[in-house]
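Here are my notes for a colleague who is opening this model and would like a guided reading of it.

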Amino acid sequence: MAATAPTKTTRQGSVEPFTIVDGPEAWRAEDYRGRDDWVTVLSPVHVAELDAAIQGVIRAGLDIEGNPRSVTRAAFPLPTLGPALEGVREEVVRGRGFVVIRGFPVDRYSRRETLIGYWGLGLYWGKAVSNNKAGHLVGHIKDIGHDPANPLTRLYATAAAQPYHNDAADVVTLLCLKNARSGGLSSWSSSISVHNEILRRRPDLGPVLAGPWFFDRKGEVPPGKKPFFAIPVFNYHEGYLSINYSDNYYLLSQRHAEVPRLTKAHYEAMELFNQLAASDEFRLDHMLQPGEIQVLSNHTQLHTRAEFEDWDDVDQRRHLLRLWLAPEVERPLPESYSEIYGGSVEIGNRGGILVAGTVEHISLEAE
Ligand SMILES: [Fe+2]
């Protein structure tokens with residue numbers, strides 16, 4: 001191992017490659033475990049504003065299913081909750097990288113009211129982008145019987161465990177509607193802390209992780225594109241470190257003869273990365289409860305969920321809603337991200353999955 005562990009520390013905005021990146025987003029479990037100051041509780045005033053905004057959209061006859069973008073911030077006024085939501089976005093984008101919000105009244109709302117309300121919160125965080133090739137602007141995370149053993153299956157439509165990864169947008173949020181009978185624990189960890197620890201323990205793996213990693217599109221292929229593309233895990237760009245990691249997509253890319261074979265160093269890097277992300281030292285666990293919203297930066301945080309066992313009654317089954325968001329205030333990203341960000345790295349207008357025939361809409365049910 002020729003490389004030596006770095007001693008220099010830099011921060012987001014002036015990050016130098018292969019240095020220890022310090023800042024609030026480089027947290028460890030001991031910083032937050034056993035505390036709940038990362039939970040923002042909606043006040044009765046906030047909830048009253050949310051109720052009023054939802055009813056305003058319904059009275060105005062706006063079509064949340066067919067034309068969700070007709071529901072704009074102007075159509076969804078939140079006088080005091082709005083600034084609080086912008087504070088959440090700031091914490092996620094430029095602070096520690098995660099927030100949980102408690103108290104969205106899912107029990108009181110119809111599915112349509114819930115979707116309008118969740119969409120409305122998202123308007124204060126960023127532009128919502130498509131979650132899949134169907135064009136779902138609010139995704140449904142539910143076991144709808146897709147086979148997790150099929151490598152082309154996206155795991156959110158199953159009851160299987162998901163490995164540590166990040167999603168294809170700047171920010172991901174999940175709203176819990178219902179929990180499973182057992183299992184489904186959410187966990188997340190700082191990918192920046194994982195980066196730092198890898199450089200300390202195995203500095204030789206730094207350049208491997210900053211090199212190209214081939215990523216399978218799982219059949220969601222934009223026009224004129226190949227079914228795979230290359231993107232580094234460690235992305236040092238204009239003074240920012242952004243991490244992009246999804247090991248099952250790298251492993252799957254090996255089905256294409258054109259893709260270079262993963263080397264021993266790649267496998268060692270994935271093993272160490274997964275081990276650190278899931279370790280007691282770096283991992284925070286939280287069982288999302290109905291009405292809670294998890295908000296995460298995909299550039300600085302990794303997330304996972306455990307396998308679950310669901311209820312027999314279809315209507316009782318675990319169900320989360322998801323928004324992928326492009327905030328107007330974000331970091332620059334290298335061009336390679338356009339492959340996974342809907343063809344653009346323009347701040348405020350990037351992320352999500354767009355293929356031929358994608359029509360943006362919101363579905364009331366998981367499908
Ligand atoms: Fe995810």
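1. Phe18 sits in the loop between β1 (9-11) and β2 (20-22), where strands (E, at least two residues) and helices (H or I, at least four) are DSSP runs numbered from the N terminus. Although Phe18 is not a glycine, its phi is positive, at about 60 degrees. Phe18 counts as buried because it has 21 C-beta neighbours inside 10 Å; the cut-offs are 20 or more other C-beta atoms within 10 Å for buried, 12 or fewer for exposed, and partly exposed in between, with C-beta atoms placed from the backbone.

2. Glu238, in the loop between β13 (234-237) and β14 (240-243), likewise is not a glycine and has a positive phi, of about 50 degrees. Glu238 is exposed, with 11 other C-beta atoms within 10 Å.

3. Please keep in mind that this is a predicted model, in which local features need pLDDT of at least 70 and side-chain atom pairs count only at pLDDT 80 or more, while totals for chains, interfaces and linings use all residues. Residues are numbered from 1 along each chain as its sequence is written.

4. An open sheet is formed by 4 strands in the order β7-β17-β10-β15, with antiparallel pairing, where two strands pair if DSSP finds at least two bridges between them. The edges are β7 (162-165) and β15 (283-286), each of which has a single partner strand, so one side of each is left without a neighbour in the sheet. From one strand to the next the twist averages 15 degrees.

5. Within that sheet, β10 (residues 186-190) and β17 (residues 301-305) pair in the antiparallel sense over 5 bridges, and Ser189 has Leu302 in β17 as its bridge partner. Helix α8 (residues 264-277) packs on the sheet and touches β7, β10, β15 and β17, contact being C-beta atoms, placed from the backbone, within 7 Å.

6. The largest nonpolar core has 96 residues, of which Leu175, Phe215 and Val295 touch the most other members; such a core is a set of buried Ala, Val, Leu, Ile, Met, Phe, Trp, Tyr and Cys residues joined through C-beta atoms within 7 Å. Leaving aside neighbours within four places in sequence, the contacts of Phe215 include Phe228, Tyr249 and Ile340.

7. For the chain as a whole, the secondary structure comes to 8 helices and 19 strands, and buried residues make up 45% of the 367 residues. Along its principal axes the C-alpha trace spans about 65 × 40 × 40 Å.

How values were computed:
Two residues are in contact if their C-beta atoms, placed from the backbone, lie within 7 Å. Axes are lines fitted to C-alpha atoms, for helices over the stretch in contact, and angles run from 0 to 180 degrees between N-to-C directions.
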